[in-house]
Amino acid sequence: PFTTTTMTYHGIVAGFPRSGTSATMRHLRDAGIPIFYESEHSDQFNPHGYFEAPKIMSACMNGTASDFLDSIEGFTFKLPLPHHIEKLPIKGRQFFVIWLDRDPLLSAISLRKLNFAKGVKFQPSSEDLAKNILLMRSKALDYLNANSSVFHVLRIPQIDLDKHINKMVDHLRNVTSIKTPSLSTTREMLARFGHAAHRFAR
């Protein structure tokens, strides 16, 4: 729907921890959507990999996010702390967001179990964690609504990838229909910012 050549286009999988972001990234990759990630690290808690790109947020903090995002135009990346979405530079950009809306209490219970299994003994209660998630989610969604001309959001109510994968892929076709730079070109651009080790799937 956007024809201007001055825009850059990106996909985002956004959701709080234990909401299904890793599984969504894996399913999108398997469906042919170009994804960007730093590590496919896996463990017994997430055996298929996490597909995370934390240096995207680092780039936002150190002022190189615009160049960084230019270098991964046409790719979809994961944002596991979506209340940070307001730190992304938006001028001249269009973001197509898959927002995973798992029940905050279920996410909180799952996160506590994960942290206990990793040896974290002192944690907030599930109810307190859920309240924090609700507050951060409300803030993030308010920001997205206020910038709806930039962020095009598809909200997925629960973890049900088999039911929604086609809808998610169709949503991200808006990103991949833009000419995606070759992997070699993208890696060369990323190397300028010290991100040469990043991985891609397409």
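Q: Is Arg93 buried or exposed?
A: This is a predicted model, so that applies to every value here. Arg93 counts as buried, because its relative accessibility is 4% and the cut-off for buried is under 20%.

Q: Which residue does the side chain of Arg93 meet in a salt bridge?
A: Asp70. The N to O distance is 3.1 Å.

Q: How many salt bridges does the count come to?
A: Five. One of them joins Lys78 and Glu52, with the closest N and O atoms 3.5 Å apart. Lys78 is in strand 3, residues 76–79, while Glu52 is in the loop between strand 2 and helix 2. The two are 26 residues apart.

Q: How accessible are Lys78 and Glu52?
A: Lys78 is buried, with a relative accessible area of 3%. Glu52 is partly exposed, at 30%.

Q: What does Asp101 pair with?
A: Asp101 forms a salt bridge with Arg137. Their closest N and O atoms are 3.2 Å apart. Asp101 is in the loop between strand 4 and helix 4, and Arg137 is in helix 5, 36 residues away.

Q: Buried or exposed, those two?
A: Asp101 counts as buried, at 11% relative accessibility. Arg137 also counts as buried, at 17%.

Q: Which residues do shared partners join into one network?
A: Asp101, Arg137 and Arg155. Salt bridges that share partners link them.

Q: Which residues line the largest cavity?
A: Asp101 and Arg137 are among them.

Q: How about the largest pocket: how much space lies in it?
A: About 300 Å³. Its lining has 17 residues. Nearest the centre are Pro17, Arg18, Tyr50, Glu52 and Leu114. So Glu52 turns up again, the partly exposed residue at 30%.

Q: Which element gives the largest share of the pocket lining?
A: Helix 4, with three residues. By class, the lining has seven nonpolar, six polar and four charged residues.

Q: Back to Arg18. Where is it found?
A: Arg18 is in the loop between strand 1 (8–14) and helix 1. Its phi is near 70°, a positive value in a residue other than glycine. Arg18 counts as partly exposed, at 27% relative accessibility.

Q: What is the phi of Phe51 near?
A: 55°, again a positive value in a residue other than glycine. Phe51 is in the loop between strand 2 (35–37) and helix 2 (55–62). At 0% relative accessibility, Phe51 counts as buried.

Q: What about Phe151, buried or exposed?
A: Buried, with a relative accessible area of 2%. Phe151 lies in strand 5, residues 151–156. Phe151 and Ile12 are 139 residues apart in sequence, and their C-alpha atoms are 9.6 Å apart in space.

Q: To the surface now. Which residues form a nonpolar patch there?
A: Leu105, Leu106 and Ile109. Together they have about 220 Å² of accessible area. Leu106 lies in helix 4, residues 104–117, and is partly exposed, at 40% relative accessible area.

Q: Last one: how many helices and strands does the chain have?
A: Seven helices and six strands. Along the sequence the pattern is β-α-β-α-α-β-β-α-α-β-α-α-β. Of the 202 residues, 48% count as buried.

Definitions and conventions:
Residues numbered from 1 in each chain as written. Predicted model: local features only at pLDDT ≥ 70, side-chain atom pairs only at ≥ 80, totals over all residues. Heavy atoms only, no water. Patch = residues over 30% accessible without salt bridge, like charges linked within 9 Å, V, L, I, M, F, W, Y side chains within 5 Å. Areas by Shrake-Rupley, 256 points an atom, 1.4 Å probe, with all protein chains shown as cover. Salt bridge = Lys/Arg side-chain N within 4 Å of Asp/Glu carboxyl O. Helix = DSSP H or I, 4+ residues; strand = E, 2+ residues; numbered from the N terminus. Buried < 20%, exposed > 50% of the residue type's maximum accessible area, 1.4 Å probe, protein only. 1 Å grid on protein atoms, 1.4 Å probe; cavity = no way out; pocket = protein on both sides within 12 Å on 5 of 7 lines; lining within 4 Å. Points joined across faces, edges and corners; volume = space filled by probe spheres on them. Nonpolar A, V, L, I, M, F, W, Y, C, P; charged D, E, K, R; others polar.
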